[in-house]
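Open the model in the viewer and keep the sequence alongside. The stops below say what to select next and what is there.

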Amino acid sequence: MEKNDLIEEIKEMSKSDLYKILKHLIESNHIFRKEIEKYIEKNLNNNIKSECNAINYWNKAKKIISKFNEYGGGPYNEEDKCIKYLDNIILLNEEGKIPNESKVKIIKEGFFEYHKQNSGFEDSITDMIFSLCGDTKELWYLAVDKLKEDPTDYNQSLIISIYRDDLEDNEKYLQERNKKLNRGMDFWDLAEFYIYEDNIGKAVITCEDGLKKGKGRKDELFEYLISYYINKNDEDNIIRILEVAEKEKSNMPMVLNHIYEYYMSKNEYEKCKTILLRLIDSDNHKDHYDYYNKLKTLFSKEQFENISVELLDNIEKKDLSDYLLICINEKKYENILMHIVNPKKNYMGKIDTTILDQYASLLKNNYPREIISYYKEVFEDMIKNGNRNIYKKSSVYIRQMIDIYINILNDEKSCKLELESIRQKHKQKRALIEELSIFN
C-alpha cells in the first residue's frame, strides 16, 4: 500500500482501532515505542503529557497488583515499584494535571483490583482513589457505589466516613451509621457527629447506648459521660458510671481519676480518700506512687501510719517499680533489701536487674555485704551457658563487688580471696578467665 493511501486509511479508522494498532506496535517494537515517547515529549502539551503519565503509571501499577492478586502473589522486589507508581499518580493529581475522564477510568479499574482483596496493596489503592476524588462529589459517589459492590464491614466503615467527612451528606451518614452500630467505637463515631452538630442530648443518649450495647473499646464513651455528668454536678449518674466501669472491669483508673478531681474541687476530702484507695486497688495502671503521695496529704500522720503497711503491701504486689520508689523516699531500706537479696526472675529464668541494680547502688553503703552477695548472684546467673560477650558484660558486677570491698569495707584481703574463689570455680571457662584477668 502506498504511503498516501495508508494515511487516508488511517484517517478513516475509529479511535478504538487506532489504539489497538498503536498498542501492538508499542509492545512489539521498542524502536517505535521510543519514537512515540519522543513525539509526546516534543509535541503534546503538559496536560496531555500528565494524563498520559497518570494512565501509564496506573497501567504499570495495575500489572503488578494483578500479579499479587493471583494465587501465590507477585515478586517481592515489585512492591516498592508499585507503591511509587501509585504515589506518582497522587502527586500528578495534587498538581491538578489529571482530567476527570482519566480519574474515572483509574477509579473503576482500581476498585476492580481492590475487591479481589489478595494483593496487599488495598490501602494504597484506596489512598490513591480517595486522592483522585478530591473535591469532586461525583467521584466520591462513584467511590461509594464501587464500595457497595462488596459490602464488607470495613467497606461499610469507609462509606460511612465518606458520607460524613467528604460528602458532608448528613442524611446518608445517619442512615448508614445507624445500620452499623456494633462496636463501642461505632457509637462514639455517631456521638462525635452529634457533638459536632451541637446536639449534646443525642450525644449523651448515644454514649449511654454504646455502654450497654457496644462491643470492644469504650474508652471515649466512658470519658465523655463521666465528664458530662461531672460538669452537670450529677452525683447519682457519676456513681452509676463508676459502677458500670467496675462491672465491666474497664476504664476504672480513668473514671476514678475524674471522680477524685471532682471531689477535690468540692473539698470533699473523705470521699477523695476513698477514691484514691480504690485507685490503688484497681489494676491496669502505673500511678501508685502518685496516688500514695496524694493519700499522704489527705490523712493525718497517725491515720496514714495505720493504713500505710496495707497500702504498701498492695502496691508491692501490683507495681514493684513504684513500690521501691516509695520505699526509698520513706527510707524503708530493709523493704528494698528484701527484694535485692531475694531477686525475682523473669520469664526466661534470669534475674531481672532492670530495677534492682539502681537500688543496689543506692544501698551499698548501708548494706555492703548484702549488696556484694547480690552482685555475685547476678554475675553467676549471667554466666550460665554464656559466651565471651556475656562474660564481658557480667564483669561489671565483679567491678562493683571490688569497689565495695576496697572503698567501703577497706577489706582488700577478702576482695582477693573472693576473686580467687570465682576464678577457681570457673577455671574451665577460659574466655571468662581472660575477661577477669583485668582485675589482677
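Buried means under 20% relative accessible area, exposed over 50% and partly exposed in between, with a 1.4 Å probe and protein chains only. The model is predicted, so local features need pLDDT of at least 70 and side-chain atom pairs pLDDT 80 or more, while totals for chains, interfaces and linings use all residues. Residues are numbered from 1 along each chain as its sequence is written, and side-chain values use heavy atoms, leaving out hydrogens and water.

Select tryptophan 188 and tyrosine 224; both are buried. Helices here are DSSP runs of H or I, at least four residues, numbered from the N terminus.

Next, select α13 (residues 219-231). Its buried residues include Leu221, Phe222, Leu225 and Ile226. Among the elements covering the buried residues of α13 are α11 (184-196) and α14 (235-248), where contact means heavy atoms within 4.5 Å. After α13 comes asparagine 233, with a positive phi near 55°.

Finally, go to α17 (residues 288-298) and α18 (residues 301-318). They pack at about 175°, with axes 11 Å apart; axes are lines fitted to C-alpha atoms, for helices over the stretch in contact, and angles run from 0 to 180 degrees between N-to-C directions. α17 and α18 are therefore roughly antiparallel (over 145 degrees; under 35 is roughly parallel, 65 to 115 roughly perpendicular, the rest oblique). To show the contact, select His288, Tyr292, Leu295 and Lys296 of α17 with Phe304, Ser308, Leu311, Leu312, Ile315 and Lys318 of α18.

Methods: Helices (H or I, at least four residues) and strands (E, at least two) are DSSP runs, numbered from the N terminus.
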